[in-house]
Amino acid sequence: MENNTTIETKYNKLIIALSIIIPVAVAVLFGVNLRKMGFNVQPLTFLPPIYAAINGITAILLITAVMAIKNGNRKVHERLMKLAILCSVLFLVMYVAYHMTSDSTPFGGEGIVRYVYFFILITHIVLSIAIIPLVLITYVKALAERFDKHKKIAKITFPIWLYVAVTGVVVYLMISPYYAN
C-alpha cells in the first residue's frame, strides 16, 4: 500500500500540470495561424476526417475495453485503454496542426440545427477539458494497482470520455458540408 500511495503522489503534480498546460496550449495554438503569420505552409485540410475517424476509433476502443474488463480480461483492457489514450493524443496533435494551418470553418446551418450543433460543440469542448484529469487520475489509480479506486473513478471517466469521442465525430459530420473545397 505504501508503494501504491507513493506512485499516486509521484504523479499528482504531473496530472495537475498536464490538466492545465494541455487546454491552455491548445487554446493558445488554436489562435496561431502560421499562414497569417507569413509562413509558407500548406493548409492541412485533409486532417479533419482523419481526426474524426480517430475519435470514432477511440469510442470503439473505450467500449471494447469496458467489455474486456467485464469479461475479466485485464491485459486486453489495459492495452485497449493505452491505445485509447494514444488515439486521444494523436487527435489533439492533428487538431492543433489543422487549426494552425487552416482558417476556421463557420457552421452554416440555420434554425434548430444551429442550436443543436452549438450545444453539442460547447459540451464537447467543456468535457474534453474536464476529461484530461479524469483520464490521468483513472490511469494512475490502475498503475498504482488501486483497482477499487480505479473502478470508482472509471465509472465517471468512461461515459464522459465516450461522450467526447462520439460528439467529436458528430461535430465533424455536422460541419463537414461547410468546409471550403
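What pattern does the protein chain follow when read along the sequence? The pattern is α-α-α-α-α. The protein chain holds five helices and zero strands. Helices (H or I, at least four residues) and strands (E, at least two) are DSSP runs, numbered from the N terminus. The C-alpha trace of the protein chain spans about 55 × 35 × 25 Å along its principal axes.

The model is predicted: local features need pLDDT of at least 70, side-chain atom pairs count only at pLDDT 80 or more, and totals for chains, interfaces and linings use all residues. Residues are numbered from 1 along each chain as its sequence is written, and side-chain values use heavy atoms, with hydrogens and water left out.

Helix packing was examined next. Axes are lines fitted to C-alpha atoms, for helices over the stretch in contact, and angles run from 0 to 180 degrees between N-to-C directions. α2 and α3 pack at about 165°, and their axes are 8 Å apart. α2 is therefore roughly antiparallel to α3. Angles under 35 degrees count as roughly parallel, over 145 as roughly antiparallel, 65 to 115 as roughly perpendicular and the rest as oblique. The contact of α2 with α3 comprises 24 nonpolar, six polar and one charged residue. Here Ala, Val, Leu, Ile, Met, Phe, Trp, Tyr, Cys and Pro count as nonpolar, Asp, Glu, Lys and Arg as charged, and the others, Gly among them, as polar.

α5 also packs on α2. Their axes come within 8 Å and cross at roughly 150°, so α2 is roughly antiparallel to α5. For α3 and α5 the angle is about 45° and the axes are 14 Å apart. α3 is therefore oblique to α5. The crossing is left-handed for α2 and α3, for α2 and α5, and for α3 and α5. A crossing is left-handed if the near helix is turned anticlockwise from the far one by less than a right angle, and right-handed if clockwise.

Aromatic pairs were counted from rings of Phe, Tyr and Trp (its six-membered ring) with centres within 6.5 Å; planes under 30 degrees apart count as stacked, over 60 as edge-to-face and the rest as tilted. The count comes to 11 aromatic pairs. One of them joins Y51 and Y98 edge-to-face, at 6.2 Å centre to centre and 65° between the planes. Y51 lies in helix α2 and Y98 in helix α3, so the pair ties together parts that are 47 residues apart in sequence.

On a 1 Å grid over the protein atoms alone, a pocket is an open set of points where a 1.4 Å probe fits, with protein on both sides within 12 Å along at least five of seven lines; lining residues have an atom within 4 Å of a point. A volume is the space filled by probe spheres set on the points.

The largest pocket holds about 1,100 Å³ of space. It is lined by 40 residues, and F91, L92, Y95, H124 and S128 are the closest to its centre. α4 (112-143) gives the most to this lining, with 11 residues. By class, the lining of the largest pocket has 31 nonpolar, nine polar and no charged residues.

The second largest pocket has a volume of about 760 Å³. Its lining has 24 residues, with I69, H77, M81, H150 and A154 nearest its centre. α2, α3, α4 and α5 each supply at least two residues of this lining. α5 gives the most, with eight residues. The lining of the second largest pocket divides into 13 nonpolar, four polar and seven charged residues.
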